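Me: Could you walk me through this structure, one question at a time? I am new to reading models like this.

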Amino acid sequence: MKGNCLVLGIETSCDETSAAVVADGKELLSNVISSQMDLHRRFGGVVPEVASRRHVERITAILQEALDRAGVRLKDLSAVAVTQGPGLVGALLIGVSAAKALSFAAGIPLVAVHHIAGHIYANQLVEPLRFPLVSLVVSGGHTELIYMPAHNRFERLGKTRDDAAGEAYDKVARLLGLPYPGGPHIDRLAWEGKPVYPLPRAWLDRDSLDFSFSGLKTAVGTVIRQEEKVNPADVAASFQESVVEVLTEKAIAAVKKTGVSELVLAGGVSANSGLREALTKRCAEEGIRLRVPPPELCTDNAAMIAAAGTYRLWDGQTAGLDLNAMANLALA
Ligand code: KG4
Ligand code: ZN
């Protein structure tokens with residue numbers, strides 16, 4: 001048997017059906033991800049009902065493939081960890097039901113994982129997390145600054161008051177006629193343009209670690225409507241500069257406020273090249289250690305859920321078979 005503690009992770013909170021096997025909370029044995037992006041692209045966003053149905057169709061085969069690629073059998077597993085929330089409730093329910101069935105059938109503990117905790121723990125698969133740390137979690141559904149004094153302990157320092165960073169990327173991409181999900185397209189286009197449009201930066205109240213992106217999205221819409229010949233690359237560059245500047249400066253402020261020495265980037269938007277570049281530069285200037293997940297672990301995947309789940313298992317935080325999916329699960 002490989003490793004001492006083998007955890008099977010399951011993630012179905014949005015439009016990726018994923019299963020993975022992780023050994024001892026750090027070694028990735030398999031990470032199978034089936035993306036539904038093509039299915040949702042023509043609607044310009046994720047259609048919850050369509051996502052749930054596709055999860056049902058895929059989950060069994062994905063689970064089997066994760067076990068096969070890892071070379072482990074059901075009876076070798078120490079536990080099954082699943083995303084309980086937040087996310088689309090119908091989509092989450094498929095993963096939670098599959099995890100409960102496996103836990104019952106194999107007689108192994110069930111562990112419920114918060115999706116944001118998963119994103120942070122994606123970094124644990126590269127190198128052990130060092131506490132205390134601050135994590136900037138930027139995804140399609142979240143923009144949060146989290147303080148972690150130790151494993152399994154999370155304190156929220158700031159959050160978005162409206163749109164998430166990834167959501168803003170996707171909405172602006174739509175305004176520019178780019179396909180869903182728009183983040184990677186804007187990221188690419190931004191390098192071809194210049195930040196010539198003066199877009200707002202939402203710093204909010206003095207010292208606030210909260211974010212707001214809806215005003216920026218509206219401002220981009222106004223530029224596109226008012227300019228006679230708008231250059232999409234310049235719009236992308238201006239938008240990206242505004243988002244990156246606010247994310248970077250608030251993350252640095254959170255690190256200084258808490259006195260930690262490590263900043264951990266997490267979530268789908270951490271794949272953004274502009275954000276990586278700006279954070280690398282600012283962290284070097286400030287003497288902060290920056291951790292950035294590899295691109296394949298930035299977006300939704302089950303390996304991060306298995307890694308986070310392993311630490312909850314070791315803490316004795318297991319769930320009963322009455323576990324329910326929760327669309328608005330709080331991080332605690
Ligand atoms: O973490 P994730 O896979 O799903 C959620 O939990 O929401 O994040 C998906 C989000 C999408 O909004 C997508 O546009 C964005 O991450 N994204 C990016 C980039 N790659 C993915 N945003 C900006 N730049 C990128 N390179
Ligand atoms: Zn996510």
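Predicted model: local features only at pLDDT ≥ 70, side-chain atom pairs only at ≥ 80, totals over all residues.

Me: How do the residues of the shell around ligand 1 divide into nonpolar, polar and charged?
Reply: A residue is near a molecule if one of its heavy atoms lies within 4 Å of it. By that rule 18 residues surround ligand 1, with Gly140 and Asn272 among the closest. They divide into five nonpolar, 10 polar and three charged.

Me: Which residue has a side-chain N or O atom 2.7 Å from an oxygen atom of ligand 1?
Reply: A polar contact is a pair of N or O atoms within 3.5 Å; within protein, one must be able to donate a hydrogen and the other to accept it, and residues adjacent in sequence count only if both atoms are side-chain atoms. An oxygen atom of ligand 1 is 3.0 Å from a polar backbone atom of Gly268, and one is 3.1 Å from a polar backbone atom of Gly183. The side chain at 2.7 Å belongs to Asp170.

Me: Which residues are the protein donors of the zinc ion (ligand 2)?
Reply: Donors are N, O and S atoms within 2.8 Å of the metal (3.2 Å for Na, K and Ca); water is not among the atoms, so sites may look incomplete. Along the chain, the donors follow the spacing H-x3-H-x180-D. Lying 2.0 to 2.1 Å from the zinc ion, they are His115 (NE2), His119 (NE2) and Asp300 (OD).

Me: In which helix do His115 and His119 both lie?
Reply: Helices (H or I, at least four residues) and strands (E, at least two) are DSSP runs, numbered from the N terminus. The two histidines are four residues apart, about one turn of the helix.

Me: What is omega for the peptide bond joining Gly85 and Pro86?
Reply: Most peptide bonds are trans. Gly85 and Pro86 are joined by a cis one, and Pro86 lies in the loop between strand 4 (79-85) and helix 3 (89-106). Omega here is about -10°.

Methods: Residues numbered from 1 in each chain as written. Chains lettered and ligands numbered in written order. Heavy atoms only, no water. Nonpolar A, V, L, I, M, F, W, Y, C, P; charged D, E, K, R; others polar.
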